[in-house]
Amino acid sequence: MMTLPEKIKVLRKQRQWSQDTMAIKLNISLNSYGALERGEIDIKFSRIVELARIFDLTVSDLFNDDTVNLSRRKEDKCRRFDDISVCLLYTSPSPRDAHE
């Protein structure tokens with residue numbers, strides 16, 4: 001099982017972000033971010049929530065063992081949303097139907 005700091009590092013690398021980019025996104029120093037990724041500091045829950053937002057994941061996703069597929073979640077959500085939009089488009093009554 002991957003630790004949270006290891007998972008954060010994997011997610012950062014999947015997005016091709018530098019540690020400096022992450023430090024900026026979290027509004028912390030590069031040294032603090034490095035310590036976070038190395039597991040040298042405890043991560044507060046508020047920081048976990050912020051990390052989930054930055055990675056466009058849920059907090060649960062950060063603790064899920066299936067890290068490899070996490071980068072695809074947003075694409076999956078979009079595809080599902082597009083499918084729903086298409087269904088709604090064809091199943092919703094048209095304003096013209098009210099006049100018949």
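## Helices and overall make-up

The protein has 6 helices and 0 strands, where helices (H or I, at least four residues) and strands (E, at least two) are DSSP runs numbered from the N terminus. Read along the sequence, that gives the pattern α-α-α-α-α-α. What you're looking at is a predicted model, in which local features need pLDDT of at least 70 and side-chain atom pairs count only at pLDDT 80 or more, while totals for chains, interfaces and linings use all residues. Residues are numbered from 1 along each chain as its sequence is written, and side-chain values use heavy atoms, with hydrogens and water left out.

Of the 100 residues, 26% count as buried. Here, buried means under 20% relative accessible area, exposed means over 50%, and partly exposed is in between (1.4 Å probe, protein chains only). The accessible surface comes to about 7300 Å², and 54% of it belongs to carbon and sulfur atoms; the areas come from the Shrake-Rupley method with a 1.4 Å probe, and for residues only the protein chains shown count as cover.

Helix 1 packs against helix 3 at an angle of about 115°, with the axes 6 Å apart. (Axes are lines fitted to C-alpha atoms, for helices over the stretch in contact, and angles run from 0 to 180 degrees between N-to-C directions.) Pro5, Ile8, Lys9 and Arg12 of helix 1 make the contact with Tyr33, Leu36, Glu37 and Arg38 of helix 3, contact meaning heavy atoms within 4.5 Å. Sorted by type, these residues are 4 nonpolar, no polar and 4 charged. For that sorting, Ala, Val, Leu, Ile, Met, Phe, Trp, Tyr, Cys and Pro count as nonpolar, Asp, Glu, Lys and Arg as charged, and the others, Gly among them, as polar.

## Helix 2 meets helix 4

Next up are helix 2 (residues 19-26) and helix 4 (residues 45-54), whose axes come within 11 Å and cross at roughly 120°. On the helix 2 side you'll find Met22, Lys25 and Leu26, which meet Arg47, Glu50, Leu51 and Ile54 in helix 4. This contact divides into 4 nonpolar, no polar and 3 charged residues.

## A stacked pair of rings

A search of the whole structure turns up 1 aromatic pair. The ring centres of Trp17 and Phe55 are 5.9 Å apart and the planes sit at 15°, so this pair is stacked. The rule is that rings of Phe, Tyr and Trp (its six-membered ring) pair if their centres lie within 6.5 Å; planes under 30 degrees apart count as stacked, over 60 as edge-to-face and the rest as tilted.

Trp17 lies in the loop between helix 1 and helix 2, and Phe55 in the loop between helix 4 and helix 5, so the pair ties together parts that are 38 residues apart in sequence. Trp17 is partly exposed at 23% relative accessible area, whereas Phe55 is buried at 2%.

## Two loop residues with positive phi

Most residues other than glycine have a negative phi. Gln16, though, has a positive phi near 60°. Gln16 is in the loop between helix 1 and helix 2 and is exposed, with a relative accessible area of 73%.

Asn27 has a positive phi near 60° too. You'll find Asn27 in the loop between helix 2 and helix 3, exposed at 71% relative accessibility.
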